Amino acid sequence: MESKVSRRLTETVAQEVCDHIYGPRLARDFRAVFGYMTDLNQAHVLMLARCGLISPDAARTLAAGLLRMEEEGPEVVELDPQREDSYFNYEAHLIKLIGTDAGGRMHIARSRNDLTAALDRLRARDLLLDAGQALLQVEEHALDGAFRFRDAVMPGYTHLQPAQPVTYGFYLAGVAQSFERDFGRLADAWARTNISPLGAGALAGTTFAIDRHAVAATLGFEGLIENTLDAVATRDFGLEILADLSQIAIGWSRVAQDYHVLVSHEFQTIEFPDRVTGTSSIMPQKKNPVVLEHLKGKAGHLLGLYVASATAVKGTHFTNTIDGNREGMRGVWEAGEEALRCLALFDLIIATGRPNAALMKRRVTEDFASATDLADVLVRDADLSFREAHHIVGAVVRAAMDRGLAADGITTEMVDDAARDQIGRPLGLSPELVRVSLDPTASVAARILPGGPAPEAVARSVEAAQARLETRRADLAGKRSRLQQAREALKRDMRQLAS
């Protein structure tokens, strides 16, 4: 038997190839690309008709057949691995509906190479919009929490050791800011994704007098990939998106790691409702942070997908290849699916986490996190160098620890004793000055610089961030609207062409 797609090939595709390449790919991809394939085919037929490259009768028949396929959906298409891929199966069903003469003209002036490159870009731009929307949702909840908990004083950590007093709201404001940058990376990728490769053909374009700009505009693309070889050779936009998703995953994983520590029995400073946790099959007391563990694990999964895709591409020639363009892009779709799921879970975590404010306040006092403020007082009020102040306060903290005291137990006499040991004289600070300098609430309130943890500074930063978020939300909605308008115009034109 001969090949179903080429008379050059005198044999049917080996069953092993069908079973292990074409069959699994069709099962995975056909439904996912059917809508995009339909839009591409309709836009191409519309362009062929307007350029006079097919007759009005053929254009009418093609338009009617494509509209019928769109209405009936992918379920009615009998998939045959002997036809290799989604396009040949789509075309075969169309020819079955309208005949070889009209159906066979749809492929004038194009190749599966530029078609598949365009399919990838259509899918990728929808992924960018969906991922951007999910990020905005997470950021919005983080900003809500930042404002609500701007007074909830807690230890800030470096090296997982108590460092300085901050607030839980300040922490969430930082998380929101990092995700704002992630959104920016996705937004930057849009300009390099939403450009059309159509008209590139296999790699060298076509001798037919097509209108590349028209078909690009019909599909909502914002420009062309001018060089026709580059148009089919490159999926760098996919790797860029995959890198962006990996960066987002690294961000949510780091926050999940923080929460994983803070919800532990030893910390207990953050609490999540029971509905976002799990339990043990044997230990009835357990409340396991399963969502946090899932988020951390999936971050590793996304990083692995990036490495796999980049590795598939790196050894390919600069032209259309299966390993570079099919295998290279497969990880993008899997990563996109996982990222959207994880962002929904991460949003749940950000929205439902609650600080144990009383315990946080006690911890920040017991942990001497305000010791730097006492050192700053010695610089300002006792005219010491910071290094001298650092040594004195370190000795004070050591003495307090040896006596079982927390920061609020430190007295001016203890400061004077340490000063005598370090610089040979007492400092004579007032008890009130020592007390206030070691008060974590006062420490936070004094840090009013832009971006600092003072409640008023957090409130200002949240207000500004929310305004920026609304601007980005409007921009995202504008992109969706423009694509939708282009698609609606395409459908109107196709119905008119078919009539």
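By class, 11 nonpolar, 4 polar and 13 charged residues make up the lining of the second largest pocket. The classes work like this: Ala, Val, Leu, Ile, Met, Phe, Trp, Tyr, Cys and Pro are nonpolar, Asp, Glu, Lys and Arg are charged, and the others, Gly among them, are polar. A pocket here is an open set of points on a 1 Å grid over the protein atoms alone, where a 1.4 Å probe fits, with protein on both sides within 12 Å along at least five of seven lines; lining residues have an atom within 4 Å of a point.

Two quick notes on the source, everyone. This is a predicted model, so to speak of local features we need pLDDT of at least 70, and side-chain atom pairs count only at pLDDT 80 or more, while totals for chains, interfaces and linings use all residues. Residues are numbered from 1 along each chain as its sequence is written, and side-chain values use heavy atoms, with hydrogens and water left out.

Back to that pocket. About 620 Å³ of space lies in it, where a volume is the space filled by probe spheres set on grid points joined across faces, edges and corners. Closest to its centre, of 28 lining residues, are Asp29, Ala32, Val33, Arg123 and Trp333. Which helix gives the most to this lining? That is α11, with 10 residues. Helices are DSSP runs of H or I, at least four residues, and strands are E runs of at least two, numbered from the N terminus.

Now the largest pocket, with about 1000 Å³ of space. Phe170, Tyr171, Gly174, Val175 and Asp258 are the closest to its centre, of 39 lining residues. Here α6 gives the most, 12 residues, and the lining divides into 19 nonpolar, 12 polar and 8 charged.

On to the packing. The largest nonpolar core has 65 residues, and Leu245, Trp252, Tyr259 and Ile350 have the most contacts inside it. Such a core is a set of buried Ala, Val, Leu, Ile, Met, Phe, Trp, Tyr and Cys residues joined through side-chain atoms within 4.5 Å; buried is under 20% relative accessible area, with a 1.4 Å probe and protein chains only. Beyond four places in sequence, Trp252 is in contact (heavy atoms within 4.5 Å) with residues including Phe179, Leu295 and Phe346.

Thr365 sits in helix α12, residues 357-366, and its side chain reaches the backbone oxygen of Lys361 at 3.2 Å.

How values were computed. Buried < 20%, exposed > 50% of the residue type's maximum accessible area, 1.4 Å probe, protein only. Polar contact = N/O pair within 3.5 Å; in protein donor to acceptor, adjacent residues only side chain to side chain.
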